[in-house]
Amino acid sequence: MEINESLFSEHHVLHKLKHYLPAQAPLKDFIHHNTLHAFQSEKFFYALHRATGIFGYKTLLSINEYRELFHQSKISPDIIAKVVAEKKGDEEAGKWIEKMLHANYRQQVTPRIGRLRSLWKRNYHIDMDADIQPLLFRVLCNYLDQGIAMWQFPVIKEGLLESILALEQNSYSSLFRTNEIKEMFLAGKWEIKPLLDLLVGDESLYEQYLFDQQFAHPGWSGLVAIIESNPQTLLDTRKILLRELIVFELLLELDALNYHFGPVWAPLQKFASSSLDELLFQPVKHSEVNDVLALWQEAFEWSYYDQVLAALTLSDEQEKVKTQKSFQAMFCIDDREASLRRYIEKHDRDCETFGTAGFYGVEFFYKPEHGKFVTKLCPAPVTPKYLIKEVDSSHKHNRDPHLTKYSHSLLTGWLISQTLGFWSAFRLFLNIFKPSMGPATATSFRHMDQFAKLTIECADKNDKEDGLQIGFTIDEMVDRLESVLKSIGLVDNFASLIYTFGHGSSSVNNPHYSAYDCGACSGRPGSVNSRVFCQMANHTTVREGLKGRGIFIPDTTRFVAGLHDTTRDEMVFYDEELMTGEIAAAHQRNKKIFNDALDENAKERSRRFEVINTASSAKKIHEHIKDRSVSLFEPRPELNHATNALCVVGRRGLTRNIFLDRRVFLNSYDYSIDPEGKYLLPILKAVAPVCGGINLEYFFSRVDNQKLGAGTKLPHNVMGLIGVANGIDGDLRPGLPSQMIEVHDPLRLLTIVEHFPDVILTVLQNSPETYEWFVNDWIHLASINPVNRELRYFKNGSFVPYEPISKIEVADDEISIIENTEDNIAVHLIKHE
Amino acid sequence: MDGIIHFFVFIPLVGFLISLFIPEKKEFFISAVAFTTSGLNFLVLVSLAFVWILQGHPPLSLDELVLYRAYGYLFTLNFYFDKISCVYLFVGSLLTLMVTVYSRYYLHREVGYKRFFNTILFFYIGYSITVLSGNFETLFVGWEILGISSFLLIAFYRNRYLPVKNGIKVFSIYRIGDVGMLLAMWLSHYLWHENIKFMQLNNYVEVNEHIQNHSLVGVFISLMLLVAAAAKSAQLPFSSWLPRAMEGPTPSSAIFYGSLSVHIGVFLLLRTYPFWEHQYSVRVIIGLLGLCTSVVTMLIARVQSSVKSQIAYASASQIGLIFIEVALGFENVALFHFAGNAFLRTYQLLVSPSLVSYLIREQFYEFTPRKHDEVPKWLGKIYNSVYLLSIKEFNLDRFLSRYLWDALKSIGQKVNYFDYKLVISVYGAVLLGGFYTLYHKQYIPGFLQNYMSLIIAVLGLILVLKSFVERKSPRMAWLYIIMNHCFILLAVSYNDHFDMEHAMVYLSGVFASGVVGYLSLNRLMKAEAKVDLNRFYGYAAKYKTLAFVFLVACMGLAGFPITPTFIGEDLIFSHIQQNQLLFAASISFSLIIDGISLMRIYARLFLGPYVHQTLEAPYRSS
């Protein structure tokens with residue numbers, strides 16, 4: 001890979017840069033992904049170690065943090081013994097445990113990134129970053145701006161450089177301070193190599209120089225790289241290449257040097273030979289501390305996993321003889337839905353719940369009425385061919401006059417500040433003492449008008465808009481329903497009411513709002529998807545078609561779509577008015593069950609919020625929880641996926657009686673319907689990037705909140721509606737803010753699949769990109785034998801037996817557990833009654 | 001009734017002192033104190049204002065608290081309450097109340113929760129003292145507190161580079177404003193032959209009589225006040241500090257730089273309005289400054305693509321308009337405009353994170369692709385030029401760092417080639433010789449006698465500059481500043497009879513804080529292998545208490561109103577004659593750069609990314 005290091009290949013370096021830069025899309029399309037995706041082709045711990053040595057990321061907790069966890073009994077001594085013995089052999093174990101607990105290590109790292117470019121400062125006493133970055137960021141932000149500035153970039157041509165050129169050519173002022181460089185720019189000398197010849201001089205250093213330069217502001221560079229590959233991520237599209245950013249920055253650097261030193265300064269190579277002893281991507285030296293950290297991390301993880309696995313084998317609820325269910329409800333696999341399902345099942349022991357990816361197998365673009373654009377509602381990597389339109393909407397777009405840009409003008413500002421200004425004091429007062437929803441709130445309920453209609457059925461395949469087929473044909477509907485129902489194992493015993501819930505969130509003052517919505521719907525609420533799914537399932541012709549696939553849905557069965565707002569713990573239902581008679585009455589009864597469950601779910605969530613007393617009544621707490629979602633001053637309206645650690649793919653019976661807190665992604669799957677794993681593959685294909693992505697983003701944002709996370713959100717400043725930065729001159733901050741990850745324990749995802757190990761392995765190996773996640777240990781994988789409950793753990797490419805050692809506590813009710821602790825809760829078996 | 005004014009100073013003061021002693025973990029109590037303080041203040045104000053307005057709102061004056069009295073010299077703290085104070089206090093206490101409630105939750109679990117509320121209360125004391133001040137001395141006390149608390153709030157995230165850098169930047173610009181204040185105070189001593197009370201300014205006959213006789217002095221004082229006001233209110237050429245102050249948590253940016261702090265310049269103008277009311281040239285200048293600022297900052301605001309800088313520049317441009325209103329004599333309009341602007345900008349900043357979802361939604365439903373209007377080339381060229389200039393903020397920031405920061409640095413570097421021993425011995429000798437010849441003037445050649453004070457003052461100024469550019473030894477930088485104080489004292493002693501008691505008042509604070517600071521530095525250097533001023537070390541991460549003690553020492557040495565040195569500085573100026581502008585200027589520059597240099601030492605040693613932490617250290621650009 002690293003051959004011909006001495007020859008600079010622009011193409012190769014740009015490609016590599018794009019690979020390593022943060023890959024976070026603009027805020028409105030925030031989608032969780034593995035922060036260190038660039039290292040994913042390597043084994044987990046080795047990759048982490050390299051990332052630290054090269055880029056200076058902190059990739060695991062520090063030794064002291066692990067020791068602290070050990071002293072708080074969050075890492076079990078028995079597990080340490082087990083893990084160390086396994087990794088280092090029984091003889092060496094004692095020695096290593098001693099090292100883990102007591103040895104002194106210097107955890108100082110001098111990363112390789114930035115070394116070359118720091119020579120400017122050392123030799124010329126010039127602060128290159130402070131000199132050029134503010135202007136660079138400003139130009140980038142103004143060029144890409146989606147609607148903050150009142151005065152937009154005057155000329156938008158094909159690309160950044162062309163646009164600047166058009167501006168410079170016809171202007172008395174210039175972005176450059178020296179004439180030489182301005183002339184160079186105007187003459188179109190936009191090649192990277194000749195510019196580097198001037199600045200650096202030695203080809204073997206060019207790659208390192210460009211990495212140093214771009215990683216001095218990874219936020220902006222990463223965003224530019226993302227927009228380059230996906231310009232549609234900006235509604236008001238812009239063409240921009242990472243290459244252009246680099247050229248512009250190199251020119252600004254030359255400009256700064258010429259400005260400060262005139263034409264006489266020597267390129268960087270003059271000073272480089274003595275101070276650079278290693279190349280950027282040369283192997284990073286291994287040291288003992290890496291082993292110790294890896295042992296700690298594994299011990300930390302298995303202290304929890306072991307309990308979970310032990311509990312799974314204990315879970316004695318055999319799949320009872322299939323009886324008529326009171327109702328069935330489908331939810332997203334999202335970890336936030338797990339506890340709600342638990343409470344619904346508690347309030348109605350005869351109901352049944354399922355989990356599946358929250359786009360419900362229907363992939364499409366959505367266009368709300370009066371919308372000027374389409375929104376993708378399916379997992380990010382999929383590109384749908386369908387369009388669902390909203391019609392007959394009565395929604396109005398509420399405005400907040402305080403947010404108008406006119407207040408920034410001179411004379412309108414004069415008027416507004418003397419009139420609305422006083423009103424804003426009143427508004428602020430109201431929101432502080434009695435928060436309520438306003439136009440500034442981002443809420444899932446506005447995603448689709450509850451009473452509007454959707455164009456779901458495709459009458460004519462040629463009926464297209466924006467190149468997309470409007471709606472699905474009957475056959476396409478049947479295909480989608482069949483695969484969803486079969487993959488979750490719902491093929492018979494249909495109840496008369498089957499709910500499908502999308503989920504979304506509500507928050508205010510939250511630039512990361514789309515990270516709170518449904519990940520399987522590209523960071524949007526899942527209401528449209530659930531509604532589309534239900535309307536398809538209620539379609540008589542579709543049901544006829546399903547019979548041909550072996551699925552007989554009785555005529556008395558009705559699918560009802562809903563939306564669960566995970567922040568407010570509220571639900572709305574769609575097309576309720578179409579229900580009549582007995583069904584309507586049953587629905588009213590079920591709504592009561594949902595409401596009680598929502599209250600208790602809010603109560604369970606509240607244990608993480610210090611300012612709420614979890615011991616008070618569920619109803620009262622629920623009101624507090626709702627207030628949080630509309631309070632301007634609440635940086636934690638909800639805690640999203642914090643503490644996520646598990647994914648269970650299997651029947652609900654496996655987990656129904658286990659208290660797994662809110663840490664588990666639950667995907668329903670019945671091996672008996674799918675002996676060859678035909679439906680397992682799509683599930684795992686989604687679980688790895690979606691759940692694994694969420695998990696690892698939380699992981700790395702938690703261990704290094706400064707470099708891999710966004711830091712505290714309190715000083716964040718919105719830049720161009722596409723990112724956040726600290727203050728006005730700072731770089732963009734990709735990753736998650738500290739308020740989202742502070743209670744998160746950095747554990748990798750443990751995926752547990754209920755099937756035979758050989759089937760799982762065959763299925764996985766059919767998809768190399770999915771297999772990579774597991775075989776390189778970025779996600780743990782365990783299997784539970786559906787027949788004899790034998791546990792196996794996936795290690796170095798094969799399943800090996802696993803014997804859990806934890807004792808599981810038994811509780812009568814979750815309430816008694818949740819009221820008493822704010823911290824993570826151990827796995828419990830719950831014996832209702 | 002007058003006595004009630006006490007409350008407005010004492011409530012925040014007591015609140016602040018209490019808040020200092022609450023343990024860091026007790027979030028609830030910390031914020032409760034802040035909340036009660038501002039809430040109580042607000043309630044007392046509203047009830048007082050009610051009665052006061054019923055009584056026909058006569059100006060209240062409270063002439064109490066003589067801090068120092070000597071022959072022909074009186075230093076008093078004096079308070080004054082009229083319509084202007086009332087409006088400012090109303091807006092201030094209401095916003096502080098709302099923002100403390102807001103921050104109670106917003107800052108929950110944030111590292112530095114206590115520090116945040118301490119600083120907010122400290123700021124609030126400064127604000128209250130300023131708007132209630134009855135004379136320049138009192139005003140200056142509040143003014144200084146505002147400066148230092150601003151620095152602390154901007155650098156709230158002290159482990160990152162940009163907040164610390166911008167904190168120092170803003171502090172330096174504030175100090176420029178302070179030069180204006182010092183010189184204005186100095187000359188008004190001579191104009192009135194006493195520490196003038198603002199109350200007396202309302203006496204048209206008296207004011208006019210004094211100014212008639214010294215019209216030039218009057219204009220000079222007014223212009224110096226304008227410099228002070230322009231610096232604090234982000235008018236030209238200082239405007240670029242305002243957006244850069246937005247580094248702290250959003251609510252602090254909202255009340256400080258969105259509303260309260262940035263309108264203090266307006267307050268100064270309103271307060272001194274009767275003084276320059278009849279100097280039409282001054283009114284024209286103020287109006288023009290306001291006009292230029294409002295136009296230029298409005299243009300800059302239009303091209304901002306980040307929310308906070310957009311609000312900051314928009315606010316500065318409204319303040320430009322307020323300056324015009326004040327210059328035109330529309331006091332009520334200005335007050336009304338101030339209140340509206342303060343509320344509006346606070347609100348806009350507080351909801352600024354919502355803008356993403358709000359505006360993207362608006363874009364989604366209302367987007368129209370941009371049209372390319374054909375304009376004549378020459379018009380396009382002007383248009384483009386203004387756009388580029390606005391993106392570059394009319395080079396204001398570069399202008400300031402070039403003519404302020406870099407200029408000081410380059411002068412300092414020119415005198416920086418002596419080694420420490422030489423400097424100490426030469427300066428020591430000058431100092432000793434100076435004090436000796438002070439009592440034996442016969443040894444000084446006659447032609448020198450008239451210039452002795454100026455020469456010594458300039459020598460002192462050189463010392464401060466040396467301290468300012470010192471890169472290696474923090475102790476030397478510290479010593480230079482102590483020595484500078486001695487030089488100032490010596491210079492003034494040459495100028496006028498300066499008795500021993502005055503000298504003691506001046507030096508007591510210098511020496512006390514000098515020793516404390518020096519010992520702190522010693523302790524730090526003993527504990528850490530590498531301590532110099534070449535970079536930011538961030539030692540506050542490890543030595544919290546030491547950092548605090550050293551900060552207090554810095555404040556003491558900078559003549560901050562916590563030691564008698566503060567009064568001493570005022571005393572010093574009372575010994576400079578009206579026609580010694582150069583001398584007064586060099587003394588005030590000495591004192592001002594003192595402050596900047598001290599904050600630089602503090603920042604370099606204790607703020608910024610912690611040097612021993614390489615993992616999980618923030619990016620420099622973050």
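This report walks through the overall build of chain A, its domains and one of its sheets.

## About the model

The structure is a predicted model, in which local features need pLDDT of at least 70 and side-chain atom pairs count only at pLDDT 80 or more, while totals for chains, interfaces and linings use all residues. Residues are numbered from 1 along each chain as its sequence is written, with chains lettered from A and ligands numbered from 1 in the order in which they are written.

## Overall build

Chain A holds 26 helices and 24 strands (DSSP runs numbered from the N terminus: helices are H or I with at least four residues, strands are E with at least two). Its radius of gyration is 28 Å, close to the 28 Å that the globule rule gives for 833 residues, so chain A is as compact as a globular protein of that length (the radius is taken over C-alpha atoms, and the rule is 2.2 Å times the number of residues to the power 0.38). Along its principal axes, the C-alpha trace spans about 85 × 75 × 55 Å.

## Domains

An automatic or database assignment gives chain A domain 1 (119-275), domain 2 (321-398 + 438-638) and domain 3 (401-433). The C-alpha centres of domain 1 and domain 3 of chain A are 38 Å apart.

## A three-stranded sheet

In chain A, an open sheet has the strand order β15-β24-β23, with mixed pairing (two strands pair if DSSP finds at least two bridges between them). At its edges are β15 (658-659) and β23 (809-811) of chain A, each pairing on one side only.

Strands β23(A) and β24 (residues 828-830) of chain A run parallel and are joined by three bridges. Here A:Val810 sits opposite A:Leu829 of β24(A).
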